[in-house]
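Reader: I would like to learn how to read sheets and helix packing in a model. Please take me through some cases.

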Amino acid sequence: MERGTRHCPWSGELWAKRILRSDVEGRPHDEIEQTKHMATNSGLMDVGGMEELLKVLQQWCSYLRREAFGPTASEDDADIAEVGIRSALENIEKEGQNVYGKEFKGDPLYRLETILIKFLSQARRLNDAREIWQRLSTRHAHEAAFWEKYHNWELYLWGYERMSEKHRVESKENAPHLASAVVRQALSQNVAHLDWPEKVGELFLDHFQLHESSDELQAALIEAREFSKRVAVRRAKEAEVAAAQAAEAAAERGQQDLAYAAEAEAEAAGVAVPGAGGKRKADESSLLSSGGAMSKKAKTGEHPAAAAGPNEPSSSATAQIKRDREHNTVTVRNLPSNVEELEIKKFFRDIGQPVSINIVQDKGSDTASATVEFELQEDVLAAKTRNGREIRPGYEVRIQSGSQNTLYVANYPPEYDEQAIRKLFDSYGEVISVRFPSLKFNNRRRFCYVQFLTEDMARQAEETMDSKTLDGQHRLIAKISNPEAKKQRSGAQAEGREIFVKNLERDASDQEVKEYFSQYGVVLSMNLLKLVNNKKTGTGFVVFASADEANKALAADGKPFHDRILHVEISAAKAEVKTTPLDRAKKTDVIVKQSTPDASLEIGTTNGRRGSDVSMHSASMEQQEAFRTARERKIAIMKLPDTVNDARIRAVMESFGAIVKIQLRRQEEGAIVEFQTVKDAFNVRQGVDVSSLGPEARTGDVADLLGKKKGGAGSGGGMRPASVSRPGQGRGGRRGGLGFKRGGFGGTSRSENTESGGANASAGGRSNADFRAMFEAGRTAEGKPSSGDD
């Protein structure tokens with residue numbers, strides 16, 4: 001021990017063991033005291049913090065207490081021990097303030113104080129010991145363990161005094177009043193500050209149940225009931241905070257789960273993703289549309305882990321936490337027809353706080369039924385114990401588990417809403433709720449949860465509706481929801497039958513690609529990726545009949561195909577997240593009709609040039625009109641729930657006119673719809689009924705959705721504002737076409753034409769005659785020498 005303390009003088013644990021070993025060997029007091037001084041005066045104790053010093057002083061004070069009450073102890077030994085213990089306490093207080101500042105509140109485990117209490121108890125100085133307990137209570141009032149120790153100490157002293165009685169008689173006078181005062185003091189603490197309030201309540205009740213009279217017990221039960229109410233309020237607030245934190249965590253997990261789809265689209269379109277490097281950036285609108293070739297049907301055996309709304313089936317799922325509804329729900333039957341949620345909550349008030357309650361009227365009866373969801377499975381077991389009790393006179397409730405009464409439904413037509421889903425399953429029993437997942441980060445999710453009143457109803461619906469064909473092309477999936485079931489992935493990718501091909505010739509037909517890869521095996525299907533303008537990206541997926549054939553196709557890697565070198569690999573899910581789905585939530589374009597030109601000219605109609613290379617003169621009359629009215633043909637949908645997909649938006653908006661494009665704006669809780677005609681857009685912008693998309697959904701200007709200020713002609717529904725001539729505008733602008741100078745139409749600004757007093761300019765628009773005049777003026781200006789020419 002001596003050698004160890006010489007090599008590690010900062011180790012309080014070694015010094016403590018050395019003091020204990022010296023005591024075991026019967027070394028003299030002076031030698032042990034000298035060892036303690038060597039430890040505390042080494043100046044190295046603070047290397048390990050206050051803990052190392054506490055270990056030394058704890059062992060030293062324990063030695064002093066044992067020596068004070070040893071068989072050969074004298075009165076001086078007791079005095080020496082008390083002085084030594086109190087001196088150690090002062091030493092800790094002083095060193096603690098030096099290390100931690102004035103905020104130091106002493107040893108959180110009050111180890112030296114416990115030794116002093118033990119010393120004073122042995123010396124029969126109980127009042128002095130109680131003063132130390134009371135002084136500690138100001139620092140440790142929030143600790144249930146402290147109150148338990150204090151109570152046990154008082155109870156021990158009371159029991160020790162009573163053991164001397166030969167015949168014990170219980171009365172109010174000889175009850176453990178001091179111990180009762182301790183637990184009452186504990187119960188009076190602020191519930192919000194107690195670290196374990198349930199433990200304090202349990203200690204309080206146990207004490208009065210075992211040691212006090214019936215009158216005192218009756219009063220204690222009332223106090224405990226009030227304390228339990230305060231605890232319940234605190235736990236409810238904590239649950240709200242935990243729910244918000246869990247919602248954020250669920251959203252982050254959802255982003256990671258959905259990132260592969262975003263990465264695959266970005267790679268296919270040649271779009272740079274954050275952190276990927278080496279790829280050019282492209283506009284968000286160049287990503288694949290959600291209805292394009294990239295989208296794949298959900299696999300039958302794959303149950304997405306998505307949470308839906310707590311009370312509103314179609315409410316936003318991003319602000320909700322994932323809950324185990326399937327195991328934490330009970331079905332309550334034989335309720336009064338006019339029962340309310342508050343009455344049901346009171347019925348279960350001793351069980352737990354219900355998370356949600358859904359009440360439905362029984363068909364052909366004057367009773368009602370309800371599903372009640374609890375936070376914990378233990379609450380469900382406790383709730384079943386109330387089966388057969390009356391919620392009102394004459395209404396004995398019947399309670400059963402609701403663990404198998406929810407269906408996972410997928411692969412229904414994309415335009416189906418809650419009403420359509422209910423209509424599918426209404427004939428099999430009472431449908432309590434229909435919950436849709438959030439589409440904020442993935443617009444292609446198409447599934448929902450249908451909750452029935454009983455398990456029998458859900459089983460009958462599963463047996464009849466699973467694999468049923470709807471509208472001739474959608475084969476419905478309807479399975480009993482089981483969150484604990486292992487999600488076995490199946491399909492070509494999981495079985496290794498799918499390959500991913502890059503650098504394909506964009507002009508090659510699907511048949512040519514299929515014939516090329518057929519040399520390696522039977523090609524079951526292909527998925528050649530395309531942009532929103534229907535142009536191929538040169539990448540795609542090819543599915544073979546077997547994994548062996550897919551492995552044979554790897555031989556095509558590095559081989560030429562139509563003057564391009566192919567890159568072939570087995571398709572696999574990406575484990576590394578490279579994209580941020582939050583970017584996907586900003587906007588997602590869905591092209592509805594491509595025959596009508598929109599604000600950007602399509603590649604292929606302009607001799608292979610990009611839209612920025614095409615002048616107004618080379619565009620058709622129809623395309624010119626599309627350019628001019630693009631803003632006027634767009635309207636916004638506000639307050640759109642993130643459970644509504646583009647198909648439902650399209651179904652509703654096409655009843656007001658033909659539409660060209662839908663742009664989902666999840667972060668703004670809305671969407672932008674581009675109509676084919678200005679008239680239809682104007683009518684919808686004035687306000688139409690779109691409540692089928694959401695209870696608060698409404699139509700309006702795009703500027704309102706994006707938070708832009710409206711001002712005269714600059715508003716979303718007005719005409720285009722006149723352009724303003726700025727210094728340097730003639731340089732670095734759009735590349736002009738035939739007959740145009742660089743920097744703008746015809747080399748003149750809109751403001752100059754306005755000053756000339758043209759009738760069309762004053763009207764805010766231009767006719768084809770104006771464009772021809774601009775073209776002639778520009779050509780004449782090019783033929784004349786400038787004023788600075790010699």
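Reader: Which order do the strands E14, E15, E13 and E18 have in their open sheet?

Author: First, the ground rules. This is a predicted model, where local features need pLDDT of at least 70, side-chain atom pairs count only at pLDDT 80 or more, and totals for chains, interfaces and linings use all residues. Residues are numbered from 1 along each chain as its sequence is written, and side-chain values use heavy atoms, with hydrogens and water left out.

Author: Now the general idea. Strands of a sheet pair through backbone hydrogen bonds, either parallel or antiparallel. Two strands pair if DSSP finds at least two bridges between them. Strands (E, at least two residues) and helices (H or I, at least four) are DSSP runs, numbered from the N terminus. Here the order is E14-E15-E13-E18, and the pairing is antiparallel. The edge strands, E14 (523-530) and E18 (567-570), each pair on one side only. The twist averages 20 degrees from one strand to the next.

Reader: How many bridges join E14 and E15?

Author: E14 and E15 (residues 536-544) pair over 6 bridges, in the antiparallel sense. Leu528 stands opposite Gly540 of E15. Helix H16 (residues 510-517) packs on this sheet and touches E13 (498-502), E14, E15 and E18. Contact means heavy atoms within 4.5 Å. The direction of H16 makes about 135 degrees with that of E14. Such angles run from 0 to 180 degrees between N-to-C directions, and axes are lines fitted to C-alpha atoms, for helices over the stretch in contact.

Reader: What angle do helices H7 and H8 make when they pack?

Author: Two packed helices are described by the angle between their axes and the distance between the axes. H7 (residues 126-140) and H8 (residues 144-162) pack at about 165 degrees, with axes 10 Å apart. They are therefore roughly antiparallel to each other. The cut-offs are under 35 degrees for roughly parallel, over 145 for roughly antiparallel, 65 to 115 for roughly perpendicular, and oblique for the rest.

Reader: Which residues make the contact?

Author: Among them are Trp133 and Leu136 of H7, and Trp147 and Tyr150 of H8.
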